[in-house]
Amino acid sequence: MSDQISFNKPVIAGKEMYYMAQAILGGHSAGDGPFTMKCQKCIEELLHTPKALLTQSYASALDMAAILCEVGPGDEVIMPSFAFVSVANSFYMRGAKPVFVDIRPDTLNIDESKIEQAVTERTRVIVTPHYAGIGCEIETIMDIAGRNGILVVEDAANGFGSQYEGKYLGTIGDLGVISFHETNNIMCGEGGALLINNERFCEKAEIIREKGTNRSKFFRGEVDKYTWVEIGSSFLPSDLVAAFLYAQLEMAEQIITTRSRVFNLYMEGLQDLENKGVIRLPVVQGQGACNCHIMYIITHSLEERTNLMAFLKDRGINAVFHYIPLHTSPMGEKHCRAHGDLPHTVHTSARLLRLPMYYEIQEPEVEQVVAGVRAFYQC
Amino acid sequence: MIVNKPEFMQRAEIVRERGTNRSQFFRGEVDAYTWMDVGSSYLMSDLLAAFLYAQLENMGQITRQRNEIWDFYQKALIPLVNEGKLRLPYVPPCCESNSHLFYIILPDEEIRDGLMQYLKKENIYAVFHYVPLHLSAVGRSMGYEEGQLPITESLSGRLLRLPFYYELTRMEQERIVDQIFKFFSR
C-alpha cells in the first residue's frame, strides 16, 4: 500500500556516501581515523563538552561507563525500570545489582524524590535516562549523588541536542552516553558516544576503548610499544561509520528544527484531546528542552492502547509501544531489586504509544495520524 | 563469531542483541522483546556489512593474490635460510594458509631491531608483533615474570613482519628482498 505511514525512517543528510568514499580511498577504515576525530570534535563543540569518544554503539558507551565507574559484585546501581535493557545489562555484567526506582508521571523520567530512599551503603552509581530526549531532574540528582559520594552516568541515548537549563544533556553527569542508532535523530546505523565530563576518567577511558591497551599513547609516540594495561575491548567504531555520522552531525541543527515542526504539529493537533482528558501528551518545559526524538501519547489502559494501535494499523499507520519494565523481565525478577511497586512504570509501559516521527514525514501524513487518533476517540 | 555448536545458537543471538530476545521479536516469535540474559550491542552497522560483502564476494581472488605474494617471499628468502641468517614461517602439511602475513625470524632481538631500522631507512616498513601478554602490565600484576615462557619471549623479540598487502607489486617485493640481502652482506 502506497499510503502506509512508517513509524520511523532514518534520515539521509546527503553527504554520507561522499564522506564514506573519502574514508575508503583514504585507506583508513579502522577506528580512530580522520572522520572519528572530526565527529568527536564536532560533538565536543556542539555540546560544549571537554571530551567525546565515539563508540560502536550506545551499549558499548554504557559498557565503558560501567568499567570506568569500577562497579563490582555487591555494588548497587540505581536506575529506572522504564529504560532500555543496556542500562541494566552494562552494570549487571560487571557484577553490580540494578536497583529500580519509579518514574515521574509527567516526564516519565526517574523520580528524583525517590532516589535517596533507595540509596544504600553499596550504591555506587545512578544512571539517569532522559526519556524521549527530555531531561530528567539532573541537577537535583547531581546534588543527591554529591551528598552520597555516588557517580552519575547520564543516559542521553535519545537526547542529542536537548538541553536542561541551558546545558546539553549528557554533559552534566560524570559520564554521559549518546546513541546514534538508526532510530535516532542523528544516526549511523549502529553507533554511540561516551562524553567524559569528569577529567579523571579521560586516560582510562582511552585505554578501555582500545582493548585495554595503551595504543593511543603509542600512536602519539608517548611509548614505543603498546601493551595490555587494563581491562577493555574494541569499543571504537570503524571510520566508515564515523564518515557517515559526520554528514549527519553537520546537519544536526536543521534535523532538530525540522523535527520540532513535526512535533509541534502533533501537539497542536492533539492538544484539545488532552484538555478533555482523553489522552495525555508529552510534558516539555523551556526553550531547547526537547530534540523531538519521540512523539508519544498516553492512553487510559492497555486495552485502549492495544485497540488504538490496531485501529491505526488498519489505516496504514504504524504506531508502537515502548519499554517493557526491566523489573518484570526474566533477568530483572531474578537479579535485581525494585524499590517499591513502581506503579507509574507499570502503568506508563502499558499505556504509552509512540506515533510516527521522522525527519521526512510530511504535514499531510501528520494530519492523517492526528485524524486517525481523533477518529478512534470519536472527537 | 562462528557458532559451531548448535547449543550455543540461541544464546549467542540473545547475547549479541543486548541480552534481549529481539531477534525472536523480529521473526514474530514473541510479541514484545525483553531482558533475558547478559549481553551488549555486539552487532555491526549494516553499512559495514555492505562494505564487507563486496570483499567477501572477491575473497577467492584476494586470497589467490596474497598466496602469490607469500610464495614469492618464501622462495626469494630461501638462500638466507640456507646461510642460517633467518627462519621462515612453518606451515604444517595439514594446514592451508590464507597468507595473512609473512614473517621472518632473526637469530636475536638485536639483529631484528637492526634490520627493522635498516629497512626503515630505505622506506620499507617492517614491524614486530605481539608483546607477550604475560609480560604486559596486567600479566606482571598477576605475578608473571621473564623466563617463564622462554619460547614465547624469544620469538616475540626475534619476529619481524614484512610489508604484506593485496596491492603489493612484484617490483616492491623484489626491492624488499634485495634490501634484506644487503643488510646481511654488509
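Me: What share of the 186 residues of chain B counts as buried, and what makes a residue buried?

Reply: A residue is buried if 20 or more other C-beta atoms, placed from the backbone, lie within 10 Å of its own, exposed if 12 or fewer do, and partly exposed in between. By that rule, 19% of the 186 residues of chain B are buried. This is a predicted model, in which local features need pLDDT of at least 70 and side-chain atom pairs pLDDT 80 or more, whereas totals for chains, interfaces and linings use all residues. Residues are numbered from 1 along each chain as its sequence is written, and chains are lettered from A and ligands numbered from 1 in the order in which they are written.

Me: Which elements are counted in chain B?

Reply: Chain B has 8 helices and 2 strands, where helices (H or I, at least four residues) and strands (E, at least two) are DSSP runs numbered from the N terminus. Their order from the N terminus is α-α-α-α-β-α-α-α-β-α.

Me: Why is chain B called more spread out than a compact globule?

Reply: The globule rule is 2.2 Å times the number of residues to the power 0.38, and the radius of gyration is taken over C-alpha atoms. For 186 residues the rule gives 16 Å, but chain B has 23 Å, well over that value, so chain B is more spread out than a compact globule. The C-alpha atoms of chain B fill a box of roughly 75 × 45 × 35 Å along the principal axes.

Me: What percentage of contacts in chain B between residues at least 6 apart in sequence join residues at least 24 apart?

Reply: Two residues are in contact if their C-beta atoms, placed from the backbone, lie within 7 Å. Of the contacts in question, 54% join residues at least 24 apart.
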